[in-house]
Amino acid sequence: MPTAGCTPAIEVFLYGHPDIIDVQVVGVPDALHGEAVCAFVRPRPGANVTAEQVRSFCDGRIAHFKIPRHVLIVDEFPMAVTGKIQKYRLREIASGQLAR
């Protein structure tokens with residue numbers, strides 16, 4: 001299921017999690033569905049957020065196919081010199097980490 005049209009809605013929803021300060025959602029290759037949802041999450045200072053907590057937060061509140069299959073907890077996002085988040089780098093990072 002392609003995620004391109006869903007990512008803004010998933011990001012907006014995840015901003016509602018009390019322990020998340022920032023989130024970026026990208027699609028990553030998936031052998032079964034072609035593409036899977038991957039959320040990069042920056043927790044609030046002092047908060048301890050796990051991938052399972054993020055998925056549990058979503059369960060029953062958003063469509064099943066929008067729940068991130070992969071959740072990566074990060075301290076920062078790769079940024080361009082213009083200050084924009086480099087989503088293509090997020091996809092590269094996710095693909096590298098998920099291939100392990």
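What covers the buried residues of α2? The points below take this up along with the cysteines and the strand pairing.

1. Basis. This is a predicted model, in which local features need pLDDT of at least 70 and side-chain atom pairs count only at pLDDT 80 or more, while totals for chains, interfaces and linings use all residues. Residues are numbered from 1 along each chain as its sequence is written, and side-chain values use heavy atoms, with hydrogens and water left out.

2. Helix α2 and its cover. Helices (H or I, at least four residues) and strands (E, at least two) are DSSP runs, numbered from the N terminus. Helix α2 spans residues 51-58. Its buried residues (under 20% relative accessible area; exposed is over 50%, partly exposed in between; 1.4 Å probe, protein chains only) are Ala51, Val54, Phe57 and Cys58. They sit on the same side of α2, because they cover an arc of only 125° around the axis, taken from the directions from the helix axis to the C-beta atoms. As for the opening question, the cover includes α1 (7-14), β1 (20-30), β2 and β3. Just after α2, glycine 60 has a positive phi of about 80°.

3. Glutamate 52. This residue also lies in α2, but is partly exposed at 48% relative accessibility.

4. Strand pairing. Strands β2 (residues 34-43) and β3 (residues 70-73) run parallel, paired over four bridges; pairing requires at least two DSSP bridges between the strands. The chain passes from β2 through α2 to β3 in a right-handed β-α-β crossover, meaning that with the strands pointing away from the viewer, the path from the first strand over the helix to the second runs clockwise. Within this pair, cysteine 38 stands opposite histidine 70 of β3.

5. Cysteines. A search of the whole structure finds zero disulfides, a disulfide being a pair of cysteine sulfur atoms within 2.5 Å.

6. Threonine 7. This residue of helix α1 is buried, with a relative accessible area of 12%. Leaving aside residues up to four places away in sequence, threonine 7 touches Val25 and Val26, where contact means heavy atoms within 4.5 Å.
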